[in-house]
Amino acid sequence: MVACVEAGSPAALAGISPGAVILAAEQGSRRADIARAEDFIAFTAASATSSPVAIRYLQNADDDFLAARQVSVTPVWRDSLARPVVGITVVDSGLARLPLGAAIVEAGAYTVDL
């Protein structure tokens with residue numbers, strides 16, 4: 001879930017607002033279903049700043065999965081973090097809504113972690 005959006009950031013300019021739930025991210029041939037905040041952070045950290053990242057999200061946690069929106073956001077380099085960012089703070093909150101295949105993979109990974 002998006003906790004904070006930095007004013008003037010690529011994410012803010014694309015219309016992502018606090019409370020949005022990130023579902024997936026894609027850049028070129030790289031694609032990730034996002035189930036945890038760390039998934040999104042790792043994806044953007046490994047992103048190129050020369051091409052946009054397609055972010056699929058729900059505007060609110062209560063939205064139906066079919067109401068997902070998609071925007072393109074080009075990451076910018078942040079010297080203080082030494083990695084690319086899109087200008088949002090993400091946190092784990094509530095239950096993740098995932099497509100069936102991603103939910104099965106995530107459930108398996110969670111079971112192994114336990």
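The model is predicted: local features need pLDDT of at least 70, side-chain atom pairs count only at pLDDT 80 or more, and totals for chains, interfaces and linings use all residues. Residues are numbered from 1 along each chain as its sequence is written, and side-chain values use heavy atoms, leaving out hydrogens and water.

- Strands (E, at least two residues) and helices (H or I, at least four) are DSSP runs, numbered from the N terminus.
- Two strands pair if DSSP finds at least two bridges between them.

**Strand pairs**
- S4 (residues 53–58) and S5 are antiparallel over five bridges.
- Ile 55 has Val 71 in S5 as its bridge partner.
- S2 and S3 are antiparallel over four bridges.
- Ala 24 stands opposite Asp 33 in S3.
- The S2 and S3 hairpin has two residues between its strands, and Gly 28 takes a positive phi near 60 degrees there.

**Helix H2**
- Axes are lines fitted to C-alpha atoms, for helices over the stretch in contact (heavy atoms within 4.5 Å); angles run from 0 to 180 degrees between N-to-C directions.

**Asp 39**
- Asp 39 lies in H2.
- Its side chain reaches the backbone nitrogen of Ala 35 at 3.1 Å.
- Asp 39 also touches Asp 33 and Ile 34, not counting residues up to four places away in sequence.

Definitions and conventions. A polar contact is a pair of N or O atoms within 3.5 Å; within protein, one must be able to donate a hydrogen and the other to accept it, and residues adjacent in sequence count only if both atoms are side-chain atoms.
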